[in-house]
Amino acid sequence: MKNLTIKAIVIAALCLTFSCGRQTKDSGKSGKNDKAGISEQLILKTSDDVIKELKNGNKRFVENRLINTDYKKQIELTKTGQKPHAVILSCMDSRVPPEIIFDQGIGNIFVIRVAGNIEDVNVLGSMEYAVEHAGSKLIVVMGHNHCGAVTGAVEDIKLGNLTQLVGQIKPAIKSDIKDPDIIDQTAKSNVLMTIGDILNRSEIIHELVHDKKVAIIGAFYDIETGIVTFME
Ligand SMILES: [Zn+2]
């Protein structure tokens, strides 16, 4: 009896020890790229590769098999520099954290967040730094469903500086106010409008996109499922 108890304790201890390695072992199943974030800083050379990794990362997130969660290791890997492969403009909504929903962790993506994922001169400056100086290959403008900022624009709310912010979203309202899909349709059209604004207002980004050195793409996040759909 005593021996059995000791055996059980030893087995339990071994299970605890080895459960730490399980995440790394499972991650190997989903392909070579999936492992890169663990063993080394992920370096991707083309915008197509970056889109592929973001799609894979979102798939890992949805399937609950994240691999880029060893933050201590990622801090170690990035302490002497960063080479983020993408810059993502996303809403400030607490349910839409790009590092998590794309399973990128620390050091792989620049993230700019503002209510309604709209651009302004500071956002453009940050993006220009990312693509021109830091070598990011992809700009993603990501909206989401049930967006509070978009709802504010549709409902014409007035509140301090927020009035200006929602005012910038208003030109994206294309549907009739009675349309039950007006919020999500406006959020999608706001993404496309923002992409147009970025290309119109940043000569640097316009040129890099024109020369196919950088790509810009819209995306839409579903807060009910965790799924990101790219607007290709
Ligand atoms: Zn939002």
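Guide: Ile169, its neighbours within four places in sequence aside, is in contact with Gly116, Ile118, Ala149, Val150, Ala153 and Asn190. Here two residues are in contact if their C-beta atoms, placed from the backbone, lie within 7 Å. The model is a predicted one, in which local features need pLDDT of at least 70 and side-chain atom pairs count only at pLDDT 80 or more, while totals for chains, interfaces and linings use all residues. Residue numbers run from 1 along each chain as its sequence is written.

Ile169 belongs to helix 9, which covers residues 162-169. Helices (H or I, at least four residues) and strands (E, at least two) are DSSP runs, numbered from the N terminus. Ile169 counts as buried because it has 26 C-beta neighbours inside 10 Å. The term buried requires 20 or more other C-beta atoms within 10 Å of a residue's own; 12 or fewer make a residue exposed, and values in between make it partly exposed, with C-beta atoms placed from the backbone. Between the C-alpha atoms of Ile169 and Met193 there are 8.7 Å in space, although 24 residues separate the two in sequence.

Beyond its neighbours within four places in sequence, Arg113 touches Ser90, Cys91 and Met92. Cys91 is 22 residues away from Arg113 along the chain, yet their C-alpha atoms are separated by 5.2 Å.

From these residues one may turn to the protein chain as a whole. It holds eleven helices and five strands, and 35% of its 232 residues are buried. Among its contacts with a separation of 6 or more, 68% join residues 24 or more positions apart.

The interior comes next. In soluble globular proteins, nonpolar side chains tend to be buried together. The largest nonpolar core has 45 residues, and Ile139 and Val140 touch the most other members. Helix 10 (residues 182-201) supplies the largest share of this core, with six residues. A nonpolar core is a set of buried Ala, Val, Leu, Ile, Met, Phe, Trp, Tyr and Cys residues joined through C-beta atoms within 7 Å. Apart from residues up to four places away in sequence, Val140 touches Ala86, Ile88, Leu89, Ile217 and Ala219.

Helix 7 (residues 121-133) and helix 11 (residues 203-210) pack with their axes 9 Å apart and at an angle of about 40°. That angle makes helix 7 oblique to helix 11. On the side of helix 7, Met127, Glu128, Val131 and Glu132 meet Ile204, Ile205 and Leu208 of helix 11. Axes are lines fitted to C-alpha atoms, for helices over the stretch in contact, and angles run from 0 to 180 degrees between N-to-C directions. Angles under 35 degrees count as roughly parallel, over 145 as roughly antiparallel, 65 to 115 as roughly perpendicular and the rest as oblique.

Two loop residues complete the tour. His146 lies in the loop between strand 3 (138-144) and helix 8 (148-154), and its phi is near 55°, a positive value in a residue other than glycine. Lys212, in the loop between helix 11 and strand 4 (215-221), has a positive phi of about 60° although it is not a glycine. His146 counts as partly exposed because it has 14 C-beta neighbours inside 10 Å, whereas Lys212, with 9 other C-beta atoms within 10 Å, is exposed.
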